[in-house]
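Trainee: Please show me how to read a model like the one below, one feature at a time.

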Amino acid sequence: METGKFFHNLMERKDFETWLDNISVTFLSLTDLQKNETLDHLISLSGAVQLRHLSNNLETLLKRDFLKLLPLELSFYLLKWLDPQTLLTCCLVSKQWNKVISACTEVWQTACKNLGWQIDDSVQDALHWKKVYLKAILRMKQLEDHEAFETSSLIGHSARVYALYYKDGLLCTGSDDLSAKLWDVSTGQCVYGIQTHTCAAVKFDEQKLVTGSFDNTVACWEWSSGARTQHFRGHTGAVFSVDYNDELDILVSGSADFTVKVWALSAGTCLNTLTGHTEWVTKVVLQKCKVKSLLHSPGDYILLSADKYEIKGHQDS
């Protein structure tokens, strides 16, 4: 009895396969519209089991994860054509997409470069550059939303504060109230307060303060005692910028009289007056050169001075 049932089912399978072959030939001979109508009719006759089967198989037939299927090099090439914001959105598609996109060094280096970042090609860690980009974008958004900085007030001056200089957590302020103050930025406490002249420019270190003034002079002050240790006279206009170097024993100043003066820091004597500016000299910088050029080698001291139209370079003699 069981043997007869087996052969009966086997015959049914053969009959089904023959029927399936015949209907397949007929289906392939139909037009696209007729094929669609045939499928619609079969779907209408299908139950839950058939519809579930259809849904599962259609997903694998119609959806192709190209980032998963393509060689990694080809995926990287395609990703280079997408903008960073689109790439970040694509990272949310799946863990696989996030892994591939986050591993594309060139994409994130280019994104950082377009923001003005200087790229160190020796760093080839894609995740590093992605983090740099995300941090920069966050910072830009904070700046746009006025949320980038915490604001606090330093109370102490009684007139306009014109001059500021920040160094190592300390802030120096120079005011029209004839005083200069040194503040601890983290605590907001005043470390030193000394009587000066009107301050248009300030620069300091642990021992001393150098000020440029609207009274056309430059002065050096001792923090601990408040005493003026040196007075530099010679400008005929307000002094808007000062810089100095203890190693060279040099102080430089830029003035509204269109000149830059070079002084002996300890002696207070004028060593040179540099001309050529046609406007107020609002910035002077004395520093070591860090790169090689036609005029300078690394380690040479250079003096830069600027007005509103041009920047001049003066070689150390």
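This is a predicted model: local features need pLDDT of at least 70, side-chain atom pairs count only at pLDDT 80 or more; totals for chains, interfaces and linings use all residues.

Mentor: Residues are numbered from 1 along each chain as its sequence is written, and side-chain values use heavy atoms, with hydrogens and water left out.

Trainee: Into which domains is the protein chain divided?

Mentor: Domain bounds come from an automatic or database domain assignment. Here domain 1 covers 70-145 and domain 2 covers 161-314. Their C-alpha centres lie 43 Å apart.

Trainee: Which residues have the most contacts inside the largest nonpolar core?

Mentor: In soluble globular proteins, nonpolar side chains tend to be buried together. A nonpolar core is a set of buried Ala, Val, Leu, Ile, Met, Phe, Trp, Tyr and Cys residues joined through side-chain atoms within 4.5 Å. Buried means under 20% relative accessible area, exposed over 50%, and partly exposed in between (1.4 Å probe, protein chains only). The largest core has 18 residues, and Leu 79, Ile 101 and Trp 108 have the most contacts inside it. Two or more residues each come from α6 (84-90), α7 (95-102), α8 (105-114) and α9 (126-144); α8 gives the most, four residues. Helices (H or I, at least four residues) and strands (E, at least two) are DSSP runs, numbered from the N terminus.

Trainee: What does Trp 108 touch?

Mentor: Contact means heavy atoms within 4.5 Å. Not counting residues up to four places away in sequence, Trp 108 touches residues including Pro 84, Leu 87, Ile 101, Trp 129 and Tyr 133. Another core, of twelve residues, lies apart from the largest one and includes Phe 204 and Trp 223.

Trainee: Is His 157 buried or exposed?

Mentor: His 157 counts as buried because its relative accessible area is 19%. His 157 sits in the loop between α9 and β1 (161-167). A polar contact is a pair of N or O atoms within 3.5 Å; within protein, one must be able to donate a hydrogen and the other to accept it, and residues adjacent in sequence count only if both atoms are side-chain atoms. The His 157 side chain makes such contacts with the side chains of Thr 173, at 2.7 Å, and Asp 177, at 3.1 Å.

Trainee: How many bridges join β9 to β10?

Mentor: Two strands pair if DSSP finds at least two bridges between them. Six bridges join β9 (residues 239-245) to β10 (residues 250-255), and the strands run antiparallel. Asp 243 stands opposite Val 252 in β10. The two strands form a hairpin with four residues between them, and Asp 249 in the turn has a positive phi of about 55 degrees. In β9, seven of its seven residues are buried.
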